[in-house]
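Colleague: I am new to this structure. Please take a close look at one part of it, a sheet and the helices around it.

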Amino acid sequence: MTRRAVVVGTGHYLPERVVENAEFEATLDTTDEWIRSRSGIERRHFAAEGETTSDMAAKAAERALAAAGLTADDVDAIIVATSTADLTFPSAATMVQSKLGMTRGFAFDVQAVCAGFVYALSNANALIASGQAERVLVIGAETFSRIMDWTDRSTCVLFGDGAGALLLEGQELAGTNKDRGILSTDLNSDGRYKNLLYVDGGVSTQSTGHLRMQGNQVFRHAVEKLASTANTALDRAGLTAGDVDWIVPHQANIRIIQGTARKMGLSMDNVVVTVQDHGNTSAASIPLALSVGKERGQIKEGDLIVTEAIGGGLAWGAVVLRW
């Protein structure tokens, strides 16, 4: 028997404000067609004034708990993947813990930018597999609208805000790749590529800064590294791309998503795509897509899923799980 981290609940939250591509035409040298053709994005959500990352994370978590028929008292740990926490400290995760009324267990943040949720899933899996936690809420939440340079048409049209959550539970299963739950993970980073995607400010520089990106270079690294990490994770689970029911990728850009699927030899019919409606929500994009895919009826119990993401660092990785 093997202790697996099994998904027992999903939930997501999107801010009320929807921003269509056309809204940018009034302030930038851009068009709806230009944005769609280069990114696949049609609209995104922006947080309301005063609405924070932990607010959105808590709402997504509440929905995941409700879907599982459980309460915060049943949870041992909370991990929030985010690069846009409310404050420098304490962690957004402890704020979520408080908002859920959870007075036991522990909570912490993981920061790996767009790869954050994959890193958080890997951490949650380790906590459950080692017996340190029975149930872990894993949340991705971002307010990237707060770090945009609204004069930079190459970046500000790409990102959105939102949150998604998965509730993982430890279960004793047979120990084969037919088990439900997380079957394998693969994490990577290479700090030599910092200047490809970063924010030009931070605590030690006493500035907030804005997101900066060399889009063409990020694209070049993304397809190769995403396909490679996905195949490595599959190999570790004793599986191949042919076994995959769904790729649920980081929703950064439709061309990256298409290129990765093609490199893995899979059809877009096997990919859950939400980038058109949400834009790039960084660490929130994978849990958002998982929750929406479940809601749509695409993802069903027993399906084999690969999630993969790449973000600033560069940091990238993949998780193979059976729903």
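Modeller: What follows goes through the sheet strand by strand and then turns to the helices.

The model is a predicted one. The sheet is open and consists of four strands, in the order β8-β13-β12-β11, with mixed pairing. At its edges stand β8 (181-189) and β11 (246-249); each has a single partner strand, so one side of each is left without a neighbour in the sheet. On average, neighbouring strands are turned by 15° against each other, direction ignored.

Strand β11 runs parallel to β12 (residues 304-311), and four bridges join the two. Within this pairing, I247 has V306 in β12 as its bridge partner.

Two helices pack on this sheet. Helix α4 (residues 116-129) touches β8, β12 and β13 (315-322). The direction of α4 makes about 130° with that of β8. Helix α5 (residues 215-236) also touches β8, β12 and β13, and its direction makes about 140° with that of β12.

Helix α5 has a helix partner as well. Two packed helices are described by the angle between their axes and the distance between the axes. The axes of α5 and α6 (residues 254-263) come within 9 Å and cross at roughly 40°, and the crossing is right-handed. On the α5 side, the residues in contact are F219, A222, V223, E224, L226 and A227; in α6 they meet R255, I256, G259, T260 and K263. Sorted by class, this contact holds six nonpolar, two polar and three charged residues.

Methods. Residues numbered from 1 in each chain as written. Predicted model: local features only at pLDDT ≥ 70, side-chain atom pairs only at ≥ 80, totals over all residues. Heavy atoms only, no water. Pairing = 2+ DSSP bridges. Axes fitted to C-alpha atoms, helices over the stretch in contact; angles between N-to-C directions. Contact = heavy atoms within 4.5 Å. Left-handed = near helix turned anticlockwise from the far one by under 90°. Nonpolar A, V, L, I, M, F, W, Y, C, P; charged D, E, K, R; others polar.
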